[in-house]
Amino acid sequence: MPERPQFEALKLELQRGGIAKTYIDRTLRELSDHYDDLERAALDAGYCADDAADVARKHLGNHVVIAAAVLAQPRLMSWSRRWPTVAFCMRSAMAIGVLPARPMLYVAGRGDELARWGGAIGAALVLVGSLYSMLNWMIMVG
Amino acid sequence: MAQTNPPFMTGVPELLVLRMLADREMYGYEIVKAVRLVTAEAIGLGEGVIYPVLHGLEESGALRPKRKSVNGRERVYYAVTAKGRRRLEHLSDEWKRVSGGVNSALGDPEHA
């Protein structure tokens, strides 16, 4: 279901508050369905489209109140928000583990570029070596 | 309809949701309609706050969500678990104790 613009502010507040992504997505999806039901009920009751949307918004409630209700549920927080020390330690351990692999990953990702550099350096060495050899030979002969 | 949850409402949405779902499984909009009906709109909540209550109860193991496709729309139905029934019993007892105390205080001419 496409995300509704009226829930953008709510999504942002929930993300800032550290709510788990699963629950952000579910809250928005279920609120969106609820909004549709409210709007349909208002249209069935004889409201015009604009008024029906107003009624739906009013019944659903302000995004600040909804966000406060979500943030009041500590169980809905992401695990890194619930156990910040554990998350910090795990991230540090992962970073240390990944660190030695970084140069290899760098090389693996830039094979063509490194081959060109290698070729250029090799060609330069051959050229300089040839010049030295030629000079050396000329001194010896001359 | 009130759009806020004053402090004395703490625990009430949870109690009402569990009570509504004790009879049959429902989705969010249905629960709100049922609450409105049985309380004769005496308890007005911003309807959007029902979802954090449902998700909190689900996370604590009191509710079990189930996705169902109804008339081409996917709905999340909630059902009470055994743990949820125990929680409902506990909350009901607690509510009766508190409301009984408040009622007797209101009925007592010394405190009225």
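## Chain A at a glance

Chain A has 8 helices and 0 strands; helices here are DSSP runs of H or I with at least four residues, strands are runs of E with at least two, and numbering starts from the N terminus. Read from the N terminus, the elements go α-α-α-α-α-α-α-α. This is a predicted model, where local features need pLDDT of at least 70 and side-chain atom pairs count only at pLDDT 80 or more, while totals for chains, interfaces and linings use all residues. Residues are numbered from 1 along each chain as its sequence is written, and chains are lettered from A in the order in which they are written.

How spread out is chain A? Its radius of gyration is 32 Å, well over the 14 Å that the globule rule gives for 142 residues, so chain A is more spread out than a compact globule. (That radius is taken over C-alpha atoms, and the rule is 2.2 Å times the number of residues to the power 0.38.) Along the principal axes, the C-alpha atoms of chain A fill a box of roughly 110 × 40 × 20 Å. Of the 142 residues, 18% count as buried, meaning that 20 or more other C-beta atoms, placed from the backbone, lie within 10 Å of the residue's own.

## Two helices side by side

Helix H1 (residues 8–17) and helix H4 (residues 63–71) of chain A have axes that come within 9 Å and cross at roughly 30 degrees. That makes H1(A) roughly parallel to H4(A), a label for angles under 35 degrees. Axes are lines fitted to C-alpha atoms over the stretch in contact, with angles from 0 to 180 degrees between N-to-C directions.

On the H1(A) side, the contact uses Ala9(A), Leu10(A), Glu13(A), Leu14(A) and Gly17(A); H4(A) brings His63(A), Ile66(A), Ala67(A), Val70(A) and Leu71(A). Contact means C-beta atoms, placed from the backbone, within 7 Å. By class, these residues are 7 nonpolar, 2 polar and 1 charged. (Ala, Val, Leu, Ile, Met, Phe, Trp, Tyr, Cys and Pro count as nonpolar, Asp, Glu, Lys and Arg as charged, and the others, Gly among them, as polar.)

## Where chain A meets chain B

Here 18 residues of chain A are in contact with 17 residues of chain B. On the chain A side, helix H2 (21–44), helix H3 (49–60) and H4 each give two or more residues. H2(A) has the largest share, with 7 residues.

## Chain B

Chain B has 4 helices and 2 strands, in the order α-α-α-β-β-α from the N terminus. Buried residues make up 29% of its 112 residues.

How values were computed: Parallel < 35°, antiparallel > 145°, perpendicular 65-115°, else oblique. Contact = placed C-beta atoms within 7 Å. Buried ≥ 20, exposed ≤ 12 C-beta atoms within 10 Å, placed from the backbone.
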